[in-house]
2 protein chains.
Amino acid sequence: MPEGSSTVALDGFGVEKGFDVLVAGVRKAAADGLKVRVFGPAAELSLVKVEGVTVVDTSESIGNDQDPVPAVRSRPEASIVRAVDDVKQGNSSAVVSLGSTGATMAAATFGLRRSLGVKRPALAAQIPLPGRSVLFLDVGANLDVRAQHLIQFAYLGASFSRSVLGVSNPSVGLLSVGEEAGKGRSDVVEAHAALSDSEEIDFIGNVEGRDIPAAVADVIVTDGFTGNIALKAMEGASRLVGDAITSAARSNLLSALGGLMMKPAMGGLRRELHPDTTGGAILLGLRNVTVVGHGSSGPDGVANAIRLAARAAAVDAPFLTEQMLHRVGANRGAIDSGDPA
Amino acid sequence: MPEGSSTVALDGFGVEKGFDVLVAGVRKAAADGLKVRVFGPAAELSLVKVEGVTVVDTSESIGNDQDPVPAVRSRPEASIVRAVDDVKQGNSSAVVSLGSTGATMAAATFGLRRSLGVKRPALAAQIPLPGRSVLFLDVGANLDVRAQHLIQFAYLGASFSRSVLGVSNPSVGLLSVGEEAGKGRSDVVEAHAALSDSEEIDFIGNVEGRDIPAAVADVIVTDGFTGNIALKAMEGASRLVGDAITSAARSNLLSALGGLMMKPAMGGLRRELHPDTTGGAILLGLRNVTVVGHGSSGPDGVANAIRLAARAAAVDAPFLTEQMLHRVGANRGAIDSGDPA
């Protein structure tokens, strides 16, 4: 296990509800015995004397409105860049940010080494659904992919699901426009054939768009363009239906009373679908796991993102992924040829 | 206006709720004065003596479970093939099916001529949303596209929205992973640049996945792989949230009573989001418009699909599209070069 394996470097900016929510989340994680190094404004972060927590005073941050790559390259003092640097220096072993996904991806991709055999890191979203959460990747790190990348994404996702999320034999689906093996773009058809032959994962074949919210598999794999759009489209559709129902409930007195009576039963659903219940998105394929929580997180969301990163570090998830890629040969041979990246 | 411009050829199979629902829908459309030629089992279709309606006795059909292309090629007597043939022979001027989308696309693509200058027909879905319906294309006809195809899809969609759906100056968005012009795959970035220069359409730039359910534009354009998956993912997410709320409403007596009291207010929402309120999907880019209604349609869904096809034929929508493509030069010159298709 690498040195500092239970220490998480946390970007102290980016929580939309303010520093107090971040602090409350860090306290929850620290109460579990986790070690956290927070890169944020010391004056705002009342974390002095919290056991296991160190604040490294940092005043700069990169916002959602900034172009990630140039921002990360030009601003070594920004909180996310310093948090990644902390891992590089061996003080921490995983990174967590609740801020800009783009900046976090850029900082981690530039600053951390790729796992042995990994061609392209991928961003995986944990989608909270009734019954189980689905690990959906790639949701934006790689807009153009070839079959070999899709194949690796399947292994990256399955390995993380098993070692960190605790799914003993994760099922893996490949997103396409039809269930049959021949349906889809040529890269998808090729990836399907390779994954069907794999003995290392439980490949259930192609799945369709509607199968994501239906949670038909533990891991669902696609390219970063399709994944990003499908994820946001689902979020938008859920919000639309939820809002429409809320507004229907407010349309007259009878409905309002009815809505009030339904409220307790709705609470469970809200908890199940709420982003706080899962740790957000995870950048897979680097030597150290990077977790990007939702900016809208409450204290539980912050704590869960830290817990997820700490768990990944504790089991050394990236090393387990390297071993799996080596076993299946997905890091070399036929799959390797012709790919300079 | 072409001969038989107000006559619609209807595939008499495919309505899941049975022939009586199809018959009820045809009667509604006929009551508007529309002419319909129905290709289905005469004995099941009680449409004798309905003015404007002809039944052409047809016993074969292609189901959702059959591989569309070989089925269409090998079965000239199947209802959808005969309906398309009827248009080819000049008896009807538009096709409607409530059956297999794949078989309908295949039959129309093989049987009907492409509009002048159109490289690839595209399947457009009418998504019913509160406030307005969004025309979303391509949702499955073209899995691999180049920039020039995306550009044409924008014109195909805008032209149909204006001439058939009655939107006077339809806004058009291009689906990508970020709003900035430089965000997205290279084909998307290239299409963005070309559409930005267009004076013929109101191009609002890139839109993201969440902007589809938010209905930020009248027409939203993407490739058929992404479009198919995003559409199904949104349908799945809406159903999930809707079902979860229904089940919450049934979880105890108080909730059930509350749900009952909210029911009248929910009716309006259900009407707004119900597939019956729009005509389904439309295959654009052929000399004759083809409409694919939802298999789950009720009588209104069937009637609306027929009305949509009849309106498209009456205004000769494909000819108007040809004119627009000619005006903008999107059917020749730079855009044409290098594309053998």
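1. Start in a loop of chain B. B:Asp138 sits in the loop between β6 (133-137) and α5 (147-163) of chain B. The peptide bond that leads from B:Leu137 to B:Asp138 is cis, with omega near 0°. Most peptide bonds are trans. Keep in mind throughout that this is a predicted model.

2. The bond from A:Leu137 to A:Asp138 is cis, and its omega is near -5°. A:Asp138 belongs to the loop between β6 (133-137) and α5 (147-163) of chain A.

3. One more backbone point concerns chain A. Most residues other than glycine have a negative phi. A:Ala215 is a residue other than glycine with a positive phi, near 55°. Find A:Ala215 in the loop between β8 (202-207) and β9 (219-221) of chain A.

4. Next, the pairing of the chains. The contact takes 47 residues from chain B and 47 residues from chain A. On the chain B side, α7 (224-249) and α8 (253-273) are the elements that give two or more residues. By class, the side of chain B that touches chain A holds 28 nonpolar, 13 polar and 6 charged residues.

5. How are the copies related?

6. Within chain A, consider the domains. Domain 1 covers 1-115 + 285-314, and domain 2 covers 119-281. Their C-alpha centres lie 25 Å apart. Domain 1 of chain A puts 20 residues into the contact, and domain 2 of chain A puts in 13 residues.

7. What does domain 1 of chain A bring to the side that touches domain 2 of chain A? At least two residues come from each of α4 (101-111), β11 (290-292) and α9 (299-314) of chain A. The element that gives the most is α9(A), with 7 residues. This side of domain 1 of chain A has 7 nonpolar, 10 polar and 3 charged residues.

8. Helix α9(A) also packs on another helix. Two packed helices are described by the angle between their axes and the distance between the axes. For α1 (residues 19-31) of chain A and α9(A), the angle is about 45° and the axes are 7 Å apart. The two helices are therefore oblique to each other. The crossing of α1(A) past α9(A) is right-handed. From α1(A), the contact uses A:Val21, A:Leu22, A:Ala24, A:Gly25, A:Val26, A:Lys28 and A:Ala29. From α9(A), it uses A:Pro299, A:Gly301, A:Val302, A:Ala303, A:Ile306 and A:Arg307. These contact residues divide into 9 nonpolar, 2 polar and 2 charged.

9. Chain B has a pair to set beside this. Helix α1 (residues 19-31) of chain B packs on helix α9 (residues 299-314) of chain B at about 45°, with the axes 7 Å apart. That makes α1(B) oblique to α9(B). Their crossing is right-handed. Among the residues in contact are B:Val21 and B:Lys28 of α1(B), and B:Pro299 and B:Arg307 of α9(B). The contact of α1(B) with α9(B) has 9 nonpolar, 2 polar and 2 charged residues.

10. A further helix pair in chain B is worth a look. Helix α3 (residues 79-88) and helix α4 (residues 101-111) of chain B pack at about 30°, with their axes 9 Å apart. Are these two helices roughly parallel or oblique? Angles under 35 degrees count as roughly parallel, and α3(B) and α4(B) are therefore roughly parallel to each other. The crossing of α3(B) past α4(B) is right-handed. On α3(B), the meeting residues are B:Ile80, B:Val81, B:Val84, B:Asp85 and B:Lys88. On α4(B), they are B:Ala103, B:Thr104, B:Ala107, B:Ala108 and B:Gly111. By class, this contact has 6 nonpolar, 2 polar and 2 charged residues.

Notes: Residues numbered from 1 in each chain as written. Chains lettered and ligands numbered in written order. Predicted model: local features only at pLDDT ≥ 70, side-chain atom pairs only at ≥ 80, totals over all residues. Axes fitted to C-alpha atoms, helices over the stretch in contact; angles between N-to-C directions. Helix = DSSP H or I, 4+ residues; strand = E, 2+ residues; numbered from the N terminus. Parallel < 35°, antiparallel > 145°, perpendicular 65-115°, else oblique. Left-handed = near helix turned anticlockwise from the far one by under 90°. Contact = placed C-beta atoms within 7 Å. Nonpolar A, V, L, I, M, F, W, Y, C, P; charged D, E, K, R; others polar. Domains from an automatic or database assignment.
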